[in-house]
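Work through the questions below with the sequence and the model side by side. Try each one before you read on.

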Amino acid sequence: MSMVFHVEGYHEGFDEGTQQGMIDGWKHEASHGAKLSMEVSFYYGFGVTWKCLLQNNTHVKARKRLNALESILGLILKFPHEEPQYENLQENMEKVWAKFRLVCSLLNVPTDFSDYVKSGGSGGDILLKGTGNPQLEDLKGVP
């Protein structure tokens with residue numbers, strides 16, 4: 001008789017643990033997915049904003065900057081938004097991160113916006129963070 005209770009207890013515990021594991025896994029996946037989505041959305045907004053600022057610029061470096069911006073936007077737009085089990089996610093995110101670092105270097109803006117994000121983005125001081133922003137002179141007259 002005790003063996004029957006032991007087996008039943010094992011199966012009940014196993015089933016309950018499996019169910020709880022599925023719930024915990026789903027919550028973790030949803031949380032991780034939301035954070036990744038926010039990050040990709042930030043890169044997309046960053047790219048679109050800078051593209052708008054530079055698109056009518058005639059400065060020599062503007063074309064190279066625009067090409068890099070279009071490249072990162074292209075990478076982001078190619079992400080499969082409807083495929084939750086995307087196999088190349090890590091590889092493509094590494095490409096986006098590398099392209100983002102390149103774009104920031106070309107624009108002479110910092111790659112770490114954590115202080116700006118923590119402050120809630122109040123004010124328009126994002127361009128003034130870091131070591132300076134000499135390309136702001138290039139943007140004079142940009143609508």
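Q: Is K95 buried, partly exposed or exposed in this predicted model?
A: The model is a predicted one. Buried means under 20% relative accessible area, and exposed means over 50%. K95 has a relative accessible area of 41%.

Q: What class does E91 fall into, buried, partly exposed or exposed?
A: Use the cut-offs of 20% and 50% again. The relative accessibility of E91 is 43%. E91 therefore counts as partly exposed.

Q: At what N to O distance do the side chains of K95 and E91 meet?
A: Start with their places in the chain. K95 and E91 both sit in helix α3, which covers residues 89–107. They are 4 residues apart there, so about one helical turn separates them. Their side chains meet in a salt bridge, for which the limit is 4 Å. The N to O distance is 3.7 Å.

Q: How many salt bridges does a search of the whole structure find?
A: The pair K95 and E91 forms a salt bridge. A search of the whole structure gives a total of 1.

Q: About how much accessible area do Y44, V48 and L77 have together?
A: Look at Y44 to begin. Y44 lies in helix α1 and is partly exposed, with a relative accessible area of 35%. A patch residue needs over 30%, so Y44 passes that cut-off. Y44, V48 and L77 form a nonpolar patch on the surface, and their accessible area together is about 260 Å².

Q: Where do C52 and C104 stand, buried or partly exposed?
A: C52 has 42% relative accessibility, so C52 counts as partly exposed. C104 has a relative accessible area of 1%. That is under the 20% cut-off, so C104 is buried.

Q: How many disulfides are counted?
A: A disulfide is a covalent bond between the sulfur atoms of two cysteines. To count here, a pair of cysteine sulfur atoms must be within 2.5 Å. By this rule the number of disulfides is 0.

Q: What pattern does the protein chain follow along the sequence?
A: Count the elements. The protein chain has 4 helices and 0 strands. Read along the sequence, the pattern is α-α-α-α.

Q: How far apart in space are the C-alpha atoms of L69 and F46?
A: L69 is found in helix α2, residues 60–77. L69 has a relative accessible area of 0%, so L69 is buried. L69 and F46 are 23 residues apart in sequence. From C-alpha to C-alpha, the distance is 9.0 Å.

Q: What distance separates the C-alpha atoms of I72 and W97?
A: I72 also lies in helix α2. I72 is buried, with a relative accessible area of 1%. Along the chain, I72 and W97 are 25 residues apart. Their C-alpha atoms are separated by 9.0 Å.

Q: How far apart in space are K99 and Y43, C-alpha to C-alpha?
A: K99 is found in helix α3. K99 is partly exposed, at 22% relative accessible area. K99 and Y43 are 56 residues apart in sequence. In space, their C-alpha distance is 10.0 Å.

Q: What is the phi of N108, in degrees?
A: Most residues other than glycine have a negative phi. N108 lies in the loop between α3 and α4 and is partly exposed, with a relative accessible area of 29%. N108 is not a glycine, yet its phi is positive, at about 60 degrees.

Technical notes: Residues numbered from 1 in each chain as written. Predicted model: local features only at pLDDT ≥ 70, side-chain atom pairs only at ≥ 80, totals over all residues. Heavy atoms only, no water. Helix = DSSP H or I, 4+ residues; strand = E, 2+ residues; numbered from the N terminus. Buried < 20%, exposed > 50% of the residue type's maximum accessible area, 1.4 Å probe, protein only. Patch = residues over 30% accessible without salt bridge, like charges linked within 9 Å, V, L, I, M, F, W, Y side chains within 5 Å. Areas by Shrake-Rupley, 256 points an atom, 1.4 Å probe, with all protein chains shown as cover.
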